Amino acid sequence: MERLRVSGGTSLRGSVRVNGAKNSALKLMAAALLAEGRTTLHDVPSITDVRYMGELLRRLGADVSRDDSTVVIDVPEKVSHEAPYELVRRLRASICVLGPLLARCGAADVALPGGDAIGSRGLDMHIAGLRRLGASVEVEHGYVVARAPDGLKGAMIGLDFPSVGATENILMAAVLADGETVIDNVAREPEILDICHMLIGMGAQIEGVGSSTLHVQGLPGLSPVEHTTIPDRIVTGTWAVAALMTRGDITVTNGRAEDLELVLDKLASAGAVIEPGAGEDGAGLRIAMSGRPRAIDVVTLPYPGFPTDLQPMVVALNAVADGTAMITENVYEARFMFVNELARLGAEVRIDGHHAVIRGRESLSGAPVVATDIRAGAGLVLAGLVAEGETLVSAVHHIDRGYPDFVGQLNGLGADVVREPDPDRFEA
Ligand code: UD1
């Protein structure tokens with residue numbers, strides 16, 4: 001087990017390039033199962049979750065290789081339909097093999113991914129959608145057992161809530177179903193657009209990309225494809241908040257401002273200068289801050305609302321902002337758990353159900369804290385950057401799940417962060 005030793009007090013300045021989006025790449029890897037042959041994915045982040053997804057695809061029969069940020073997935077004609085618990089439990093995104101396996105094999109046994117430190121994550125909409133496509137789907141002995149021996153049939157499906165995972169699973173099943181499927185109230189996250197573009201590249205017929213309703217004309221087969229993952233908007237947002245908190249000046253050379261409109265509006269109202277188009281080839285964005293940020297209220301919602309994945313970062317920002325802020329978490333109820341760790345640095349936060357009220361302080365003071373999940377870990381590191389003295393962030397493996405080379409990039413921007421063995425913690 002390792003930890004990060006973060007010395008507070010430097011302002012982050014310079015340029016940084018963000019990796020491809022974790023929340024897209026994992027789903028694109030699952031989508032590769034839909035076609036026999038070699039699919040090539042570029043800009044796949046080098047993070048533990050991608051390694052785990054690679055292992056799962058291998059177990060299903062694919063050959064997976066990696067060269068720098070390119071991943072090649074060679075899918076055989078016949079894939080196994082069993083995704084076992086020991087692999088699925090490691091990452092929630094592995095549930096996204098359910099739709100492709102059912103569509104390709106007419107059967108899928110996928111272990112329930114289990115709990116997560118940010119709250120319960122239901123599957124009812126995934127299951128209801130696949131049933132509408134004609135599959136029998138039951139939960140038995142800890143597995144989702146889905147069968148469609150005669151193939152899937154296009155259907156009208158309305159989601160109760162624009163769930164990212166349910167949209168992906170149903171979409172990946174529908175592209176190989178017989179006839180037309182209409183999916184209403186779909187998620188509109190940039191990662192959904194990314195997977196739609198990949199599927200269209202594989203030959204899928206999808207209309208309405210970017211809207212709340214997708215029309216899918218099912219086909220008997222798809223072809224492998226070469227596709228580049230979109231840049232990670234959550235990592236871009238993390239750098240943006242870091243610039244504000246440390247009163248710095250960061251250019252994210254390939255970040256996409258258009259995927260972060262509401263976030264950037266909020267950060268501008270906290271006092272930041274935001275300059276889109278400041279990076280490579282007119283892309284990218286610059287975020288600069290002088291003086292103390294003003295407190296900002298935030299409500300997390302499905303896209304284009306404020307992303308739940310950036311909630312811990314704005315809680316950390318408000319902990320040192322001028323004023324009092326209210327953060328409302330609408331997506332994952334247990335996401336405020338990390339606030340207890342932030343309080344160890346002196347943050348003044350009161351939780352009331354899914355609201356957090358944060359009274360900004362002039363400064364925080366360094367202390368040992370524990371990263372409870374990926375984003376909470378990043379939020380704690382940002383807080384450590386502005387705390388007086390040293391902050392020791394343990395359970396750094398959580399951060400590794402979402403931020404490739406976080407320490408290298410932080411130090412490249414002028415931070416003083418050291419990764420070291422954690423003498424107080426042992427692998428369970
Ligand atoms: C969520 C985020 C997504 C983010 C991802 C990674 C939202 C809406 N989604 O996606 O932007 O990239 O985490 O952290 O912000 N739910 C059910 N039943 C279902 C499916 C979902 O009750 O069948 C519930 C979940 O428990 C959760 C909410 O709906 O409370 C969001 O679900 P979903 O969008 O599917 O979650 P992720 O795909 O993990």
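Helices here are DSSP runs of at least four residues, numbered from the N terminus. Keep in mind that you're working with a predicted model.

**Exercise 1.** Work out which helices each supply at least two residues of the shell around the ligand, and which one gives the most.

*Solution.* Start with the helices that qualify: H5 (124-132) and H6 (164-174) each supply at least two residues. Next, look at who gives the most: that's H5, with three residues. Finally, check the residues that come nearest to the ligand: Asp 124, Met 125, Ser 163, Val 164 and Val 331, out of 19 around it.

**Exercise 2.** Find the polar side-chain atoms that lie close to the ligand's N or O atoms, taking 3.5 Å as the cut-off.

*Solution.* Go one residue at a time. Asp 124 has a polar side-chain atom 2.6 Å from a ligand nitrogen. For Tyr 332, an N or O atom of the side chain is 2.9 Å from a ligand oxygen. Glu 189 places a polar side-chain atom 3.2 Å from an oxygen of the ligand. Now for the cover: alone, the ligand exposes 710 Å², and the protein buries 85% of that.

**Exercise 3.** UniProt's unreviewed entry lists Lys 22 and Asn 23 under "binding site". Decide whether each is buried or partly exposed.

*Solution.* First, the cut-off: buried means under 20% relative accessible area. Lys 22 has 8% relative accessibility, so it counts as buried. Asn 23 has 22%, so it is partly exposed. Then zoom out to their helix, H1: nine of its 10 residues are buried, so H1 is largely enclosed by the rest of the structure.

How values were computed
Residues are numbered from 1 along each chain as its sequence is written. This is a predicted model: local features need pLDDT of at least 70, side-chain atom pairs count only at pLDDT 80 or more; totals for chains, interfaces and linings use all residues. Side-chain values use heavy atoms; hydrogens and water are left out. UniProt positions are given in the numbering used here, feature names are shortened, and annotations may be inferred rather than shown by experiment. Buried means under 20% relative accessible area, exposed over 50%, partly exposed in between (1.4 Å probe, protein chains only). A residue is near a molecule or strand if one of its heavy atoms lies within 4 Å of it. A polar contact is a pair of N or O atoms within 3.5 Å; within protein, one must be able to donate a hydrogen and the other to accept it, and residues adjacent in sequence count only if both atoms are side-chain atoms. Accessible areas come from the Shrake-Rupley method with a 1.4 Å probe; for residues, only the protein chains shown count as cover.
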